[in-house]
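Q: I am new to this structure and would like to learn how to read it. Could you take me through some features step by step?

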Amino acid sequence: MKEINIKSAKHWVRKAAYLALPLGLALSSCDENKLLNPVPNIQLQDAFLFDTPERVLGQVNGIYTAMKIGDLYGGRYLMLADIRGEEFINRTQNVFTGYDAWSHTVTSGSNDASSAWGSSYTAINSANLIIDGLAAHPTAVDAALAAQYLAEAKFVRAFCYFGLITRYGQPYAKDKGASKGVPLRLKGETTPANNDLARSTVAEVYTQILKDLEEAEAGLPLTYSTALLNTTRAHKNTARAFKTRVYLTMGDYEKVITEAKKLVSDAAPFSAPTGVKNTLQANVATPFMTDYTTTESIFSMPMTVLNIVAGQNSLAYTYNLNLEYNLNASGILGDKTWSATDARKTNFTRVAGGVTYLKKYNQTNPALDYVPLIRYAEVLLNYAEAAAKTGDLTKAVALLKAVRNRSDAAYVFPDADIATADALVKTIWIERRIEFLGEGLRSNDLLRNLLTIPAKGSGGLSSPAVAPTQPEYIFPIPNAELSTNKLI
């Protein structure tokens with residue numbers, strides 16, 4: 001099987017929400033007329049992109065590249081998801097680094113509303129074009145490779161739709177998904193002819209996400225040939241891990257447990273029994289500062305010197321170089337259960353000018369930190385929460401301790417924090433805030449549990465609390481969509 005070099009794919013984007021076409025087609029260097037008057041992208045799509053295995057491979061490269069751009073999972077999506085919560089204090093009032101999201105003043109015209117929307121649909125369209133193209137060109141690659149590529153495209157589509165529905169749709173728990181969600185675009189588009197599309201319900205979007213993930217799991221390989229590919233391309237355990245997040249968000253705890261058991265052994269030390277041997281690393285700093293491709297990192301966006309997300313979309317820039325946000329002393333930083341000797345505090349925070357900053361993304365120039373999208377620690381805590389919710393407190397405590405004691409070996413949970421299901425769930429929520437600080441999970445954790453987004457800051461630079469009943473609880477659909485989609 002050929003290995004995909006993610007950094008090699010580039011995109012021309014003709015229309016941000018609807019068209020993503022990879023650059024890199026072979027044009028004859030001796031044909032000056034073709035170079036000066038290239039064939040339009042739309043014609044290239046039909047004429048050339050599925051006529052050789054190499055060009056099909058380029059399309060698969062493209063879906064991961066579309067995910068990795070700075071506006072999406074290369075940085076900004078995670079940043080906006082975290083700063084909406086209570087863990088960060090804005091320092092600059094810079095709208096280009098998320099001030100609208102932090103202060104809950106996002107409007108349909110805000111960059112924070114439009115960035116993830118357009119970028120997500122671009123990535124989705126890249127996936128749709130592969131799905132459609134493989135069906136239209138059944139002999140472009142052999143059947144086994146076609147099934148794998150199809151599965152990868154469906155995984156990317158599911159991942160991006162989950163990002164959309166949890167940002168722009170009401171939480172599933174609010175009304176079991178009866179609210180309006182986002183448009184479900186399931187066909188590749190090369191023109192704006194089909195822009196008009198009504199919103200599907202939240203439940204319909206989740207149904208499609210899970211359908212894609214089930215089909216992806218079936219078609220994805222167990223492993224790839226290198227640790228890099230096991231970290232940066234979807235394999236079976238990637239789909240399984242992501243399903244634990246989706247089902248947890250929906251409150252389907254039995255399904256969380258079903259999926260988690262595919263990745264978590266019955267007893268500690270916990271590890272995946274099949275496929276990639278995903279497991280926690282002994283040192284929590286290793287996946288962030290030493291080796292980005294360990295078996296803890298189930299799915300990440302890779303960076304290289306020649307292919308990075310830089311500037312104001314970069315997590316390292318925002319948190320650790322330009323110091324746009326400091327950690328909130330009244331947030332998880334000040335929680336009494338997070339000790340000063342915890343490895344997550346000693347490795348991932350630093351003090352400057354009397355305030356504390358996040359340094360989980362430590363390579364600032366150039367910003368070479370991989371962006372973690374799914375880690376094994378999340379699977380364990382997803383499983384722990386579901387186990388607690390379904391009455392298996394023994395399993396939930398064992399999973400919780402695996403995460404906490406990896407970073408703070410001496411810590412002993414007080415009996416009151418783990419004695420009942422309600423207390424244990426709240427303790428797991430605290431552990432999630434510590435473990436995934438700066439990894440883009442906080443906003444969804446608040447919304448899936450219908451919790452009020454806490455107020456933060458003080459005086460002239462503060463952000464009010466936002467209740468689930470307020471319109472600011474979710475992001476508005478951006479003006480670019482409202483102006484081009486008559487059915488939205």
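A: Gladly. Let us begin with packed helices: axes are lines fitted to C-alpha atoms, for helices over the stretch in contact, and angles run from 0 to 180 degrees between N-to-C directions. Helices (H or I, at least four residues) and strands (E, at least two) are DSSP runs, numbered from the N terminus. This is a predicted model, in which local features need pLDDT of at least 70 and side-chain atom pairs count only at pLDDT 80 or more, while totals for chains, interfaces and linings use all residues. Residues are numbered from 1 along each chain as its sequence is written, and side-chain values use heavy atoms, leaving out hydrogens and water.

Q: At what angle do H9 and H11 pack, and how far apart are their axes?

A: Two packed helices are described by the angle between their axes and the distance between the axes. Here H9 and helix H11 (residues 236-250) pack at about 160°, and their axes are 9 Å apart. Angles under 35 degrees count as roughly parallel, over 145 as roughly antiparallel, 65 to 115 as roughly perpendicular and the rest as oblique. H9 and H11 are therefore roughly antiparallel to each other. Their crossing is left-handed, a word used if the near helix is turned anticlockwise from the far one by less than a right angle, with right-handed for clockwise.

Q: Which residues of H9 and H11 meet?

A: Contact means heavy atoms within 4.5 Å. On the H9 side the residues include Tyr206, Leu210, Leu213 and Glu217, and on the H11 side they include Ala239, Phe242, Val246 and Tyr247.

Q: Which residue meets Lys262 in a salt bridge?

A: Side chains of opposite charge can pair when their charged atoms come close. The rule for a salt bridge is a side-chain nitrogen of Lys or Arg within 4 Å of a carboxyl oxygen of Asp or Glu. By this rule the count comes to 31 salt bridges. In one of them, Lys262 meets Glu217 at 3.1 Å, N to O. Lys262 lies in the loop between helix H12 (253-260) and helix H13 (286-290), and Glu217 in helix H9 (residues 202-219), so the pair ties together parts that are 45 residues apart in sequence.

Q: Is Glu217 buried or exposed?

A: Buried means under 20% relative accessible area, exposed over 50%, and partly exposed in between (1.4 Å probe, protein chains only). Glu217 is buried, at 9%, whereas Lys262 is partly exposed, at 25%.

Q: Where do Arg375 and Glu296 lie?

A: The side chains of Arg375 and Glu296 meet in a salt bridge of 2.6 Å, N to O. Arg375 is in strand E8 (residues 371-375) and Glu296 is in the loop between H13 and strand E4 (297-301), so this pair ties together parts that are 79 residues apart in sequence. Both residues are buried.

Q: What is Asp112 in contact with?

A: Leaving aside neighbours within four places in sequence, Asp112 has contacts that include Arg76, Leu80, Tyr168 and Phe475. Asp112 sits in helix H6 (residues 111-136) and is buried, with a relative accessible area of 0%. Its side chain reaches the backbone nitrogen of Ala101 at 3.0 Å.

Q: Which side chain makes a polar contact with Arg76?

A: A polar contact is a pair of N or O atoms within 3.5 Å; within protein, one must be able to donate a hydrogen and the other to accept it, and residues adjacent in sequence count only if both atoms are side-chain atoms. For Arg76, the partner is the side chain of Asn313, at 2.6 Å. Arg76 lies in helix H4 (residues 76-83) and is buried, at 3%.

Q: Which residues are joined by a cis peptide bond?

A: Most residues other than glycine have a negative phi, and most peptide bonds are trans. A cis bond joins Ala268 and Pro269, with omega about -5°, and another joins Asn365 and Pro366, with omega about 0°. As for phi, Gln93 has a positive value near 55°, and Leu450 has a positive value near 50°.
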